[in-house]
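Here are some comments on the model, written as numbered points so that each can be checked against the coordinates.

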Amino acid sequence: MRRLYLTAVFMSVAFLFAGPAHAQTLDEIIATNLKAKGGLDKIRATTSVRMTGEMSGKTMNGEELKAALTTVAKRPNLMRREATVGGEHMVNAFDGKALWRSIGTRPPEEAPDSQAAYAMQDAEFDSVFVDYREKGNRIELVGKEALAGKPVFHLKVTKKGGPAQDYYLDAETGLETQIATTTVDQRGTPVKSVTEFSDYRDVDGRMVPFGIRQRVNGTVMASTALNQVEFNVPVDDAVFKMPSK
């Protein structure tokens, strides 16, 4: 469940720099996508983003969960997510190398190396579309399809060293409606994770999804409703570092 929430956070941050795709070719779609978010100059000049909102979901035991959360991300790949659940304060953060967490008054601890490697891959501040060739990522235009009765552009995105992801961009607005990933668990069972985006609002010339929902094998596991998104807020790098025990 913790990894699921982190995935939503990372996707939310990177997603802020994606935009419309009205053209039919891959290069045109990506170029229009980036231009709609202010262009590469504005994107590269963005140094941080802070998001606040509320999340509801389920624990691994099926119990209902509600939390107030704040997420701060900073270029190039720093992230800190704070949540208050049932009066208990929790922090998940990535300092660019190590993923750590703290719960209540318990001492902070680093996450296992495998989780840190996963976080490093997904914590990149910019959208996957920015300089994707230079980064060693691969993007393919699968075609124009229908999703939930609406036409979408289907892009297959494979980050360097990571699994393939299916991006679905609304053919009319160009905005992502879904990002889907299929992996295999320890028992060899396929696991499909889908992140859905909705409730777009204009923030500083960028269309931002204020509604984010995650499904795993069709079951809704977490829903986030943002109430504020701020760009270029001052953030000290120290807030991403794990405090001394």
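Predicted model: local features only at pLDDT ≥ 70, side-chain atom pairs only at ≥ 80, totals over all residues.

1. On one flank, E5 runs antiparallel to strand E4 (residues 88–94), and 5 bridges join the two. Within this pairing Phe 94 stands opposite Leu 99, and Val 91 of the pair stands opposite Ser 102 in E5. E4 and E5 form a hairpin with 4 residues between them, and Gly 96, which lies in the turn, has a positive phi of about 100 degrees.

2. E5 is also joined to strand E6 (residues 109–110), again in the antiparallel sense, by 2 bridges. The hairpin formed by E5 and E6 has 5 residues between the strands, and Gly 104 in its turn has a positive phi of about 55 degrees.

3. E4 has a further partner in strand E3 (residues 78–85), with which it pairs in the antiparallel sense over 7 bridges. Val 91, which stands opposite Ser 102 in E5, also has Glu 82 opposite it in this pairing. E3 and E4 form a hairpin with 2 residues between them, where Gly 86 in the turn has a positive phi of about 55 degrees.

4. Turning to helix H2, which of its residues are buried? They are Leu 26, Ile 29, Ile 30, Asn 33 and Leu 34. Because these residues cover an arc of only 125 degrees around the axis, they are on the same side of H2. An α-helix has 3.6 residues a turn, so residues three or four places apart point the same way. The cover over the buried residues of H2 includes helix H3 (39–45) together with E7, E8 and E9.

5. The largest nonpolar core holds 19 residues, among which Ile 30, Phe 129, Ile 139, Leu 155 and Tyr 167 touch the most other members. The elements that contribute two or more residues to this core are helix H2 (26–35), strand E8 (150–158) and strand E9 (164–170), and H2 gives the most, with 4 residues. A second, separate core of 10 residues includes Val 49, Met 51, Ala 73 and Phe 210.

6. Ser 127 deserves a separate comment, since its relative accessible area is 3%, which means that it counts as buried. Ser 127 is placed in the loop between helix H4 (113–122) and strand E7 (138–147). A polar atom of the Ser 127 side chain lies 3.0 Å from the backbone nitrogen of Phe 129, and Phe 129 is itself among the residues that touch the most other members of the largest nonpolar core.

7. For the chain as a whole, the secondary structure comes to 4 helices and 13 strands, and 49% of the 245 residues count as buried. Among contacts between residues at least 6 apart in sequence, 46% join residues at least 24 apart. The accessible surface comes to about 12100 Å², and 51% of that surface belongs to carbon and sulfur atoms.

Note on methods: Residues numbered from 1 in each chain as written. Heavy atoms only, no water. Core = buried A, V, L, I, M, F, W, Y, C linked by side-chain atoms within 4.5 Å. Buried < 20%, exposed > 50% of the residue type's maximum accessible area, 1.4 Å probe, protein only. Polar contact = N/O pair within 3.5 Å; in protein donor to acceptor, adjacent residues only side chain to side chain. Arc of directions from axis to C-beta. Contact = heavy atoms within 4.5 Å. Areas by Shrake-Rupley, 256 points an atom, 1.4 Å probe, with all protein chains shown as cover. Pairing = 2+ DSSP bridges.
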